[in-house]
Amino acid sequence: MLTDLTIAQAAEGLRKKEFSAVELTKAHTDAVEALNGRVNAYITVTSDQALEAARKADSTLAAGGAPALTGIPLGIKDVFCTNGVRTTAASKIIGNFVPPYESTVTAKLLENGAIFLGKTNLDEFAMGSGNLTSAFGGVENPWHRKDDASVLVPGGSSGGSAAAVAAHMAMGATGTDTGGSIRQPAAYCGIVGLKPTYGRCSRWGTIAFASSLDQAGPMTRSVEDAAIMLSAMAGHDPKDSTCSTEAVPDYRAACGRSLKGLRVGIPAEYRAPGMSEEILAVWQRGIDMLREAGCEIVDVSLPHTKYGLATYYIIAPAECSSNLARYDGVRFGERAEGATSLDDLYEKTRHNGFGEEVRRRILMGTYVLSAGYYDAYYLKAQKVRTLIQRDFTQAFEKVDVLLTPTAPTAAFARDEKPEDPVQMYLNDIFTVPASMAGQPAMSVPVALDNKGLPLGLQLIGKHFDEETIIAVGSALEKTAGFTARPDLRAGVSA
């Protein structure tokens with residue numbers, strides 16, 4: 001089936017004229033039509049526009065010299081503004097927003113010939129770890145436990161993108177990662193998720209959550225595909241003052257590179273209390289695989305890791321409180337009816353427009369920024385963040401890359417969602433530190449647990465050294481031989 005191809009395989013097939021871009025795109029729009037009613041991976045489907053773009057792609061391919069992603073159907077997380085296509089951030093408050101401009105990341109993908117199948121679902125304003133907070137309904141993980149029909153979460157916030165790629169409803173998808181929102185859903189859905197170095201991809205035209213943390217990245221079914229997508233997405237953008245001027249290398253060339261002599265760090269602090277024996281066993285298996293590939297395994301310490309989650313949940317809500325202040329029914333956002341004063345308008349608009357989790361984070365952020373608490377919380381958190389960054393800097397003086405678990409568990413069921421929001425936040429315990437330090441990091445699927453669910457390992461690299469994590473990830477992927485895929489019949493994983 002055409003939907004089973006990787007991006008690399010499809011690009012080769014298109015150039016060999018084994019099939020057309022229209023045929024490839026039609027196979028994916030058919031898959032979206034068949035599955036989206038159940039999986040709910042897409043908020044907005046753009047099949048007609050996709051097929052029109054595919055016809056143009058075939059003309060480009062026929063003329064020769066087509067860009068790398070010409071004719072490749074992708075899903076776009078619904079925080080990237082897309083010219084003329086509704087962009088909602090999965091929130092009621094901007095549920096009818098149609099941007100008159102294109103985000104830099106999506107513009108770069110279009111310049112590289114990509115075809116957009118639609119806008120993928122997410123946790124509202126990218127705030128969540130289970131894709132349970134979307135105003136347009138939750139996303140269903142395509143995977144199921146053995147002999148269990150329970151609906152599992154796909155992880156968050158980029159759960160729609162992860163589910164679309166895992167269910168073969170897109171060849172790849174964009175995600176955004178603030179504290180793990182690419183890597184954790186990638187692990188839950190058995191795909192590859194790559195968070196680049198902060199500043200590697202432009203944030204211009206991407207609806208903000210926490211501006212010092214948000215970073216766009218690719219979600220794919222292979223490391224090579226992630227490298228291809230990142231090459232298209234990355235690069236300097238003068239419209240984003242935080243976007244790096246670092247040259248963009250040929251990431252794909254890093255796949256298959258020899259690992260002989262590479263130093264792989266194993267952080268002691270990632271052996272968290274309560275971790276399952278299966279996660280520990282998979283981690284050890286990854287260590288053994290890299291040792292056999294010629295790597296030197298080095299024990300390292302990241303002593304401030306234990307403060308990562310608490311620090312993140314001060315800084316990220318503070319920034320979200322500031323960023324989301326613009327949605328007040330006057331400047332931006334759907335205005336509430338029946339307000340009797342300006343204060344009443346603000347209160348009604350924001351209460352009706354924002355979901356519970358977004359309201360919670362705005363309140364937390366406003367509190368830590370308020371007079372009398374700024375020094376006690378926000379300023380102190382920024383100091384701890386500096387210590388977390390220093391831990392990574394010192395570790396990378398000894399090693400080239402770090403290997404850790406991506407998530408403390410496999411995907412959990414919707415009805416197993418903890419009532420305590422702090423328990424939900426613990427899903428990001430292994431991903432948050434790299435985000436706080438701005439390091440590039442990638443999740444690679446390596447095994448199934450005893451219930452048939454995917455488990456991922458995380459690679460963390462030096463700033464702007466995505467090539468090394470791609471090289472190591474490619475080797476892990478090859479050695480692990482992870483070929484399992486979900487079967488959407490409830491209770492079966494093939």
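Author: L403 touches V264, G265, I266, P267, W283, G286, I287, L290, L457, Q458, L459 and L476, leaving aside residues up to four places away in sequence; a contact means heavy atoms within 4.5 Å. The model is predicted, so local features need pLDDT of at least 70 and side-chain atom pairs count only at pLDDT 80 or more, whereas totals for chains, interfaces and linings use all residues. Residues are numbered from 1 along each chain as its sequence is written, and side-chain values use heavy atoms, with hydrogens and water left out.

L403 is one of the residues that touch the most other members of the largest nonpolar core, together with I72, L109, F125 and F392. That core has 150 residues; such a core is a set of buried Ala, Val, Leu, Ile, Met, Phe, Trp, Tyr and Cys residues joined through side-chain atoms within 4.5 Å. Buried means under 20% relative accessible area, with a 1.4 Å probe and protein chains only. In the chain, 61% of the 494 residues count as buried.

Contacts can also be viewed along the sequence. Of those in the chain with a separation of 6 or more, 77% come from residues 24 or more positions apart.

The C-alpha atoms fill a box of roughly 65 × 55 × 50 Å along the principal axes.

Notes: Buried < 20%, exposed > 50% of the residue type's maximum accessible area, 1.4 Å probe, protein only.
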